[in-house]
Amino acid sequence: RQHSLRELVGRPALTRDGVPVSLLANLELPEDVALAKANGAAGVGLYRTEFLYMNRDDLPDEDEHLVTYAAMIAGLDGLPLTIRTLDLGVDKRSDLITSLGASVSNPALGLRAIRLCLKEPELFLPQVRAILRASALGPVRLMLPLVTSVQELDTVLTLIAQIKRQLDREGLGYDPAMPVGAMIEVPAAALTARAIARRMDFLSIGTNDLIQYTLAIDRLDEAVNYLFDPTHPAILRLVRLVIEAGRDLQIPVSMCGEIAGDPRFTRLLLGLGLREFSMQPGAILDIKEILLQADTEELERRADQLFARLDEDEPGRLLDALNQI
Ligand code: PEP
Ligand code: MG
C-alpha cells in the first residue's frame with residue numbers, strides 16, 4: 001500500500017469529477033519543506049513560526065526571521081508559503097510570554113496570538129516587516145491567528161500599510177499585493193466570517209481551536225478528550241458558514257486544523273465545499289487517495305441532506321453513508 005501511495009505524488013489532485021483540490025502542508029520546522037515537497041504538497045498552508053521563539057531568552061530580530069523565511073522560499077521553488085504570525089499562548093508556552101505578563105488564570109482566553117502581538121509591537125513589527133520583505137523573494141501569504149473581531153484586522157492592515165511606506169523609504173523590496181488572511185478558529189470569527197472575508201484575501205479554518213472554543217473543551221485536557229467531536233452539529237454549521245462566506249466574497253478558504261488531514265472527514269469536508277486542505281506532510285497522500293475517488297456533486301448532495309437533518313437523530317447515519325460513497 002505504501003508503494004502505491006507513493007505513486008500518487010505526481011498525480012494532479014483532481015476529484016473523480018475533475019474538481020481541483022489544493023493539498024498543502026502544515027510545517028513547524030523550516031527544514032520540513034523537503035518533506036512537504038516529497039509528498040507532493042502544492043505549497044505550505046500553515047507555517048507555525050513559534051519555534052523561532054522557543055528555548056531562548058531573547059527575541060528573534062527581523063533578519064533572523066527573514067533568513068528563515070528566505071530559506072523556505074528557496075526550497076519551495078515557486079510554491080506558496082503561508083506564514084502564520086506568532087501564536088504563542090497557553091499550549092505554545094514560552095518564558096517570553098510570561099515575562100510579557102501573559103500568564104493569567106485562563107490563558108486560553110487570555111493574551112495570546114494576535115492579541116499578544118498587537119499589545120507588544122516589539123514582538124510583532126520585526127516579524128511583519130520580515131514577512132513583507134520575504135514576499136519579494138517568492139509567493140508569501142501572511143496569516144493571522146486567533147482573530148476575534150474586525151477591529152483587530154483593521155489595526156493590522158493599517159500597520160501593514162505603514163510598514164510598506166517604511167520599506168519604500170528604506171528602498172527595501174516587497175510584494176505590494178502580498179495576500180493577508182485570517183485564521184478562523186474562534187466561534188465569533190466563524191459567525192462573522194463575511195465581515196472578516198470582506199477585509200481579507202483568504203481565510204483558513206483552524207479546527208483545533210475552533211472545536212476547543214465552541215465545545216468548551218480544553219484541547220490539552222485528556223479528561224475531556226472524548227468530547228472532542230469535529231462532527232458536532234455546531235462545528236459543522238460554523239465550518240459551513242465560513243466556506244459559504246468565502247464563496248460569496250470570492251476569496252479562498254482553506255482548513256489547517258488536524259481534521260483536514262484525517263481521512264475520516266475528507267468526504268464530509270469536500271461535501272461542505274472545502275477545496276483547500278492543509279495538513280502534516282505525512283497525511284497528504286492518504287487524503288489524495290480519497291479525493292481522487294470522490295465525486296463532489298454527489299458529496300455535496302449528501303452534505304445538504306445531512307444539514308437538513310442536523311437537528312434530528314439521523315446525522316450520524318448520514319455521515320456514515322457519506323463515507324461509504
Ligand atoms: C488550529 O487551531 O486548528 C490550528 C491549525 O492552529 P494550532 O493547532 O497551531 O493552534
Ligand atoms: Mg489554533
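Helix 10 contributes the most to the shell around ligand 1, with 3 residues. The model is predicted: local features need pLDDT of at least 70, side-chain atom pairs count only at pLDDT 80 or more, and totals for chains, interfaces and linings use all residues. Residues are numbered from 1 along each chain as its sequence is written, while chains are lettered from A and ligands numbered from 1 in the order in which they are written.

**The ligand shell**

Ligand 1 is surrounded by L46, R48, D87, E185, G206, T207, N208, D209, C256 and G257; a residue is near a molecule if its C-beta atom, placed from the backbone, lies within 6 Å of it. Two elements, strand 2 (44-48) and helix 10, each give two or more residues to this shell. Helices (H or I, at least four residues) and strands (E, at least two) are DSSP runs, numbered from the N terminus. By type, the shell holds 2 nonpolar, 4 polar and 4 charged residues. Here Ala, Val, Leu, Ile, Met, Phe, Trp, Tyr, Cys and Pro count as nonpolar, Asp, Glu, Lys and Arg as charged, and the others, Gly among them, as polar.

**Helix 10 and its cover**

The buried residues of helix 10 are T207, D209, L210, I211, Q212 and Y213. A residue is buried if 20 or more other C-beta atoms lie within 10 Å of its own, exposed if 12 or fewer, and partly exposed in between, with C-beta atoms placed from the backbone. The cover over these buried residues includes strand 5 (180-184), helix 8 (187-191), strand 6 (202-205), helix 11 and strand 7 (253-255). After helix 10 comes A216, whose phi is positive, near 55°.

**Annotated positions**

An unreviewed UniProt entry places the feature "binding site" at R48, R84, N208, D209 and R219. UniProt also lists E185 and D209 for "binding site" (unreviewed entry). The latter two span 25 residues in sequence, yet no two of their C-alpha atoms are more than 5.3 Å apart, so they gather at one spot. UniProt positions are given in the numbering used here, feature names are shortened, and annotations may be inferred rather than shown by experiment.

E185 lies in the loop between strand 5 and helix 8. Leaving aside neighbours within four places in sequence, E185 is in contact with L146, G206, D209 and L210, contact meaning C-beta atoms, placed from the backbone, within 7 Å. D209, in helix 10 (residues 207-215), touches L146 and E185, again not counting residues up to four places away in sequence. R219 belongs to the loop between helix 10 and helix 11 (233-248).

| Residue | Other C-beta atoms within 10 Å | Class |
|---|---|---|
| E185 | 26 | buried |
| D209 | 24 | buried |
| R219 | 17 | partly exposed |
| A113 | 24 | buried |
| D77 | 9 | exposed |

D77 is not a glycine, yet its phi is positive, about 50°. The loop between helix 3 (62-76) and strand 3 (81-84) holds D77. A113, also a residue other than glycine, has a positive phi near 50° and lies in helix 5 (residues 113-119).

**The nonpolar core**

The largest nonpolar core has 85 residues, and V147, A182, I184, L203 and V242 have the most contacts inside it. Such a core is a set of buried Ala, Val, Leu, Ile, Met, Phe, Trp, Tyr and Cys residues joined through C-beta atoms within 7 Å. Beyond four places in sequence, L203 touches G181, A182, I184, A193, I196, A197, V242, G246, I251 and V253.

Notes
Two residues are in contact if their C-beta atoms, placed from the backbone, lie within 7 Å.
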